[in-house]
Amino acid sequence: MKAVIMAGGFGTRIQPLTTSLPKPMLNVVNVPMVEHILKKVIKVGIKEVVILLFFKPEIVKDYFQDGKKWGVKISYILPNADYGTAGAVGQAREILKDDSFIIISGDLVTDFDLSEIISFHKKKESLLTIALTPVENPLQFGVVITNKNDKIIKFLEKPSWGEVFSDTINTGIYIIEPDILEFIPASGDFDFSKDLFPALMKAKIDLWGCKVEGYWRDVGNPQSYRDVHNDILNKKIDFELPGESLKYKNGHLHTKTQNLPDSLTITGDVVIGKNAKIGKNVIIEKSCIADNVTIADNTVVDDCVVWDDVSIGKNCEINRAVLCNNVKIKDNAEIKKGSIIAEGVKVSSNVQIRNDVTIWPDKKIEKGAIVSRNVVWGDSFKANVFNKGRVIGVANLELTGEIADKLAEAFASIFPIGSSLYVSRDYHQASGMIKRFVVGGILAVGVNALDLRSVPANVMRHKLLLDEDVVGGIHVRQSVEDPYKTEISFYTSEGMHIDSKISDAVQRIYFREQFRRVEFTQIGSITYIEGIKKKYIQDVDSLIGEFTSDSKPRIVVDLMYGMTSDIYPQILNHFDIDSIMLNAYASQEKLIQLSDKIKDSREKLSKIVTSLNLDLGIFMYPNGQKAEYVCRDGFVLEDHCLLLTVLCLLNKEEKNYRVYLPAWAPDFMDDEFKNLRITKGKLMGKKASFINKFDLLADVNGMFSFVEFGWQTDAIYSSVKLMQLLCNHHVTLKEMRESVPDFYYKHVDIAVKSNKKGTIMRRFLEGSKDKNTTHDDGIKIFFNKTDWILLIPDDYYDSVHLYIQAISKEAGEKILQDFREKIETWIS
């Protein structure tokens, strides 16, 4: 028999515990929930396990790997869409087609004896057996009724009390014979309870219910997460507690930490992980403490779940709370019953957090604050709303409709009554919801909304540049880096991100709520603009012009389910470029998984290029602002190598291209670019009058702005321009890449608190007195002609950026290691 563990859920109801972890990987008594389930299936002799993934799959894969550590073989299935519970199992049919298999959820806590269910299944010669158990409140589950022989005769999914005919529910634990896989379609959403079970009953296939006694809990929300720990520590479930067991006067301590102080008071069952540092006179009652936790003198921790790397100060009282990873609590804090303190939260001294408050990740609670309601956006947001002209947050949680409305009111208030703003979005439903609030805010202050509907941001920005009568624009989209976050981007009339001066003006209005109020006769109007994509395509065609060579490249393009799928193919067709299109359709489900799939997608694109002997592969990001490129030999160009490759091509033009690059761009080949005039400096906050002095603006992140087309970064135009240059000079991208010499270039971020950034910069500069330095943006230290390091503090986050260039990897890694150690010393 094999086992299938369902571990693909999003964990939406249990947020913010699942901000950075899939729900099955949440620790229960210091061990991931799904590991407890894995151990249960191993206990009944199963040697082959399939884990079904969807949300943040790499976290599960990295933890369990091939399963050797647990003595089993683990295979992973990552469906390319949300196929429902049964449909997801169907994606593993090739692995499951020859054996019986047990299905169990990875986010359950149970002490069921699985061997009892297996024996029942074999005795009944069943094709499908469902484990059943009675619960006090069956409303959230599927109620099942059986006859006296345990044959299932009726199902009811999530009934009301008026519909309840039993307290016996479907536990989601099934044993299935491979013949049943024939009833599961190869694609489409297909659920066990709604689709498969009714289909089997209609086909006269007997389903059997095995009634099991014991503990079973679906850990679906923060309350149930606290409750399951309470049940374990109160011995309501047969559960193995990790660590050495030590008897105390009023309880038991299960610990992996040695040399705990004699003054420690333990009440009830307490679990403490590795490397704990416990101060004097600490009281811990019925709690679970994970690894690397520090608890200072005279603190009381009562009925709590504390995750890894948490620090709690002196004289604190913490009751029935969940403290997630890297929470820092200063002295004299009081945290009342039911609080959830999410990852990275910093609680200053003398803070009181009242009952049932949830504080979302990375928030800072100021000294002496009394927190009586949830902190979703938090003080760090209030200090600075904008990040490079954007506002970013989880839609409907951090970035609510109310906040979007107020931001739009504040932005539109800086323009005269009767002005017009473009508004656009991507196709995600969260973006659509937020955009509606944005439009309402614009209208409320007497400004008109010109609605472009769903278009890429670069298409809207190009339109902005051309229309002198429009004063600015707002675009809403899901983030590529974190698909659970929504971005609202604000643009000037020139299509540029708003600078710090405009951001500050909008923030003043926003926080003071000094929104302009107009009479009802002056409320703005909505106009829907048509034909914008057609005009954009025409402009690309006319500016690129003709290719001087007939030998067009043969390419493959991965459009990544993005907004360019109805634009880019048309442009390539106009230039008669032979192309294969992948993922050229919109899909919210795929967009959610994008950050996890990018690496695999690169590998697949590389294989397609080499196997079909194509000239080029293009990996177009969904918003159309960035692209990655694959050479004929399957080599994926790194961003800095792509930049130098493009510069090498422009250098062939002999037109004295004027190029503006950031201070951190590599200068390894600058002396070889005889036909380029390169200027380096800051990128942010540049005006149109400055940009117009150049032909190309580029960053070291795969983004290019050809000024002839516009001032915004645009991967659509840039990619066609790149192909035209390759074609006109009768070269391949591989040949141009090989003209770039090997050298070391790297960018790393190092966590540094804001109050330490000035110290770091001073010490960095003091150590460079005997070397050449520049200060165009940050501090750059030159060690010789080829080797340098650049330090730039981040404007928005508690970190600094290090950029290193060197003649070799060995030299570059030495520079990086030396300065890492120095910065760590300066911080401490």
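Buried residues account for 56% of the 828 residues in the chain, in what is a predicted model. The secondary structure of the chain comprises 22 helices and 52 strands, and five cavities of 30 Å³ or more are counted in the model.

**Overall dimensions and packing**

- The radius of gyration of the chain is 30 Å, which agrees with the value near 28 Å that a compact globule of 828 residues would have.
- Taken along the principal axes, the box filled by the C-alpha atoms is roughly 85 × 70 × 65 Å.
- Of the contacts between residues at least 6 apart in sequence, 58% join residues that are at least 24 apart.
- The chain exposes about 35,800 Å², and carbon and sulfur atoms supply 46% of that area.

**The largest cavity**

- The largest cavity holds about 120 Å³ of space and has a lining of 18 residues, with Asp426, Gln478, Leu591, Pro622 and Asn623 lying nearest its centre.
- Strand E37, which spans residues 472-478, contributes three residues, the largest share of the lining of this cavity.
- Sorted by class, the lining of the largest cavity consists of eleven nonpolar, five polar and two charged residues.

**The second largest cavity**

- The second largest cavity holds about 70 Å³ of space, and the residues lining it include Phe10, Phe54, Phe55 and Lys56, together with Asp482, Pro483 and Tyr484.
- Also in the lining of the second largest cavity are Ile592, Gln593, Ser595 and Asp596.
- By class, this second lining has six nonpolar, two polar and three charged residues.

How values were computed
Residues are numbered from 1 along each chain as its sequence is written. This is a predicted model: local features need pLDDT of at least 70, side-chain atom pairs count only at pLDDT 80 or more; totals for chains, interfaces and linings use all residues. Side-chain values use heavy atoms; hydrogens and water are left out. On a 1 Å grid over the protein atoms alone, a cavity is a set of points where a 1.4 Å probe fits but cannot get out, and a pocket is an open set with protein on both sides within 12 Å along at least five of seven lines; lining residues have an atom within 4 Å of a point. Grid points are joined across faces, edges and corners, and a volume is the space filled by probe spheres set on the points. Helices (H or I, at least four residues) and strands (E, at least two) are DSSP runs, numbered from the N terminus. Ala, Val, Leu, Ile, Met, Phe, Trp, Tyr, Cys and Pro count as nonpolar, Asp, Glu, Lys and Arg as charged, and the others, Gly among them, as polar. The radius of gyration is taken over C-alpha atoms; the globule rule is 2.2 Å times the number of residues to the power 0.38. Buried means under 20% relative accessible area, exposed over 50%, partly exposed in between (1.4 Å probe, protein chains only). Contact means heavy atoms within 4.5 Å. Accessible areas come from the Shrake-Rupley method with a 1.4 Å probe; for residues, only the protein chains shown count as cover.
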